[in-house]
Amino acid sequence: MSQALTISNLRVTLGGNEILTGIDATIAEGEFIGIFGPNGAGKTTLVRAILGNLRPTTGSISIFGEPPAQAARRIGYMPQGNSGLELTALSARAMVEAVCRGEKWGIPWTTPNDRREVERVLQLAGAATYADRPYSVLSGGERQRVMLAQALLGRPRLLVLDEPLASLDPKNQSLLIECIAEIKRQTRATVLFVAHDMNPLLHVMDRVLYMAGGGAVLGPLDEVVNSESLTQLYRFPIEVVRAGPRVFVVATEGNVTESECAHHDHD
Amino acid sequence: MIDSLVNYLGYEFVRNALLAGTLSAILGAIVGYFVVVRNVGFAAHALSHIGFAGAAAAALLGLSPLHGMLIFTLAAALFMGVAGDLLHRRDMAIGMVLSFSLGLGTLFLSFYRQSFAGQARSILFGSIFGVSSGEVEEIALLSALSLALLAFFSRRLLFASIQPRLAEAKGLSLTTLSAAFMMVLAVSVTLASQIVGILLVFTLVIAPAGIALRLCRSVWAGIVTAVALGVLVVWIGILLDCLTDCPATFWITAIFFLLYLAVEGFCRLTSR
């Protein structure tokens with residue numbers, strides 16, 4: 001199996017602070033990687049570096065053998081948060097059309113080919129049924145599907161999804177995860193899925209990239225998310241508690257490290 | 001009434017007003033569409049006030065206010081575009097620049113000995129019937145240039161406006177796009193202020209696009225509706241000015257306000 005993403009000794013310093021302190025990771029084509037870690041662990045910085053929007057201080061990133069800037073067309077990216085298009089009637093379909101070959105020059109004319117491509121990604125993301133309704137009236141879960149459709153344009157080989165579960169209720173989280181897992185099966189794309197809570201993803205991901213304090217460990221769930229490995233990564237006593245199929249990461253000395261206190265059952 | 005309208009169309013200054021108004025309305029509606037999608041309405045408003053200082057300075061130096069405004073707004077637009085989102089979406093920074101520009105304009109006008117009030121009035125509230133044939137040509141040229149430039153990068157601009165993070169990931173420079181758009185906006189604002197005046201630029205650059213975006217689900221339907229609304233209302237405003245004692249600027253703003261109320265009411269009732 002060939003490599004989708006190779007990160008070697010990646011260091012990023014921003015405004016004098018070392019955000020990433022030497023990350024190594026090799027991810028094979030077709031893998032589903034969950035990226036976790038507390039706030040401030042450098043998840044967003046890592047994503048920006050992979051997208052080529054942030055120059056590493058040292059180290060390198062290679063995506064299908066190319067540096068990030070050249071690999072941009074192979075990457076589908078779903079950013080965090082929402083478009084601020086409240087109070088407009090612009091339809092979800094129009095918002096996907098606007099992104100379709102949006103990096104070209106000229107006027108934003110939608111060709112029949114573009115139209116077919118937009119319909120394809122809307123179907124794939126499960127957003128086709130409400131694509132003609134205004135984006136502003138869609139629910140949080142529906143909006144995420146539209147953003148997912150935007151990310152799927154141009155048949156990307158690597159999908160980078162930055163906290164797609166944020167602000168979704170457990171049911172919609174589960175539906176979105178199933179949808180993404182199905183897309184991965186169909187397109188055989190590599191998926192990097194950034195999330196706060198790993199529990200909803202346990203059954204779909206192949207390996208875990210756990211980040212803390214600027215460092216990261218990559219490996220199978222059991223090897224990465226255990227008390228010993230995370231204590232080493234955090235340089236602080238960490239305990240991993242298993243409750244049935246679920247996993248909780250807590251600081252031994254009282255405080256919960258992740259916002260697992262805001263944890264929700266997922267059914 | 002029809003007779004007197006036809007009679008008015010015989011006057012060159014009425015025809016010039018209609019031509020200049022049409023051109024500014026078209027440009028304003030198209031540029032305004034992107035202003036609303038990008039949510040930079042306040043920056044557009046501020047640009048026109050920066051133009052006030054430029055127009056006043058030009059009047060003082062005996063230059064055409066149009067040129068003075070263009071120089072000031074283009075410089076400010078370039079600066080705002082390059083300074084990026086940090087600056088032009090910050091209400092405080094924009095407000096400060098806006099009020100300082102008005103202050104500067106007031107200073108220039110106070111040095112202007114002859115007919116201070118008349119000059120200020122036409123800059124602030126527009127002098128639609130004062131547009132000469134030469135100015136119409138200039139407005140046509142500037143509109144064509146701005147639209148050509150906008151057409152060149154509008155696909156990228158729309159992408160970057162709707163999903164900026166994704167556009168950045170695809171290798172687009174948000175700063176360059178923002179700066180280029182602000183320059184087009186500067187020209188559009190300057191031309192619109194020739195018709196409705198600096199204080200009321202909002203009405204030509206934002207109102208048609210804002211109303212169209214509230215109604216239309218596709219981008220092209222929105223742009224076409226905005227242009228149609230802009231041109232129609234400007235024509236009605238100018239013709240009503242000819243027939244009544246009320247100025248065109250009043251009619252244009254009043255019609256847009258009523259349209260806005262109607263559309264807003266319609267959208268609330270149908271819960272959109």
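How many residues of chain B are in contact with chain A, and how many of chain A with chain B? In this predicted model, 27 residues of chain B are in contact with 36 residues of chain A, where contact means heavy atoms within 4.5 Å. Local features need pLDDT of at least 70, side-chain atom pairs count only at pLDDT 80 or more, and totals for chains, interfaces and linings use all residues. Residues are numbered from 1 along each chain as its sequence is written, and side-chain values use heavy atoms, with hydrogens and water left out.

**Interface of chains A and B**

- About 3,100 Å² is buried between the two chains, and carbon and sulfur atoms give 60% of that area; buried area is the accessible area (1.4 Å probe) that two parts lose on being put together, summed over both.
- The rule finds two salt bridges across the interface, a salt bridge being a side-chain nitrogen of Lys or Arg within 4 Å of a carboxyl oxygen of Asp or Glu.
- A:Arg48 and B:Glu168 form a salt bridge through their side chains, at 3.8 Å from N to O.
- On the side of chain B that touches chain A, H8(B) gives the most, with nine residues; helices (H or I, at least four residues) and strands (E, at least two) are DSSP runs, numbered from the N terminus.

**Nonpolar cores**

- The largest nonpolar core has 170 residues, and A:Ile50, A:Leu148, A:Phe193, A:Tyr210 and A:Val225 are those with the most contacts inside it.
- Such a core is a set of buried Ala, Val, Leu, Ile, Met, Phe, Trp, Tyr and Cys residues joined through side-chain atoms within 4.5 Å.
- Helix H2 (residues 12-38) of chain B supplies the largest share of this core, 13 residues.

**Helix H3 of chain A**

- Eight of the eight residues of H3(A) (residues 92-99) are buried, where buried means under 20% relative accessible area, exposed over 50%, and partly exposed in between (1.4 Å probe, protein chains only).
- The buried residues, among them A:Arg93 and A:Glu97, pack against H4 and H5 of chain A together with H8, H9 and H13 of chain B.
- Just after H3(A), A:Arg101 takes a positive phi of about 50°.

**Positive phi in loops**

- Most residues other than glycine have a negative phi.
- A:Glu163 has a positive phi of about 50° and sits in the loop between strand S6 and helix H6 of chain A.
- A:Glu163 counts as buried because its relative accessibility is 14%.
- B:Asn39, in the loop between H2 and H3 of chain B, has a phi near 60°.
- B:Asn39 counts as exposed because its relative accessibility is 58%.

Conventions. Chains are lettered from A and ligands numbered from 1 in the order in which they are written.
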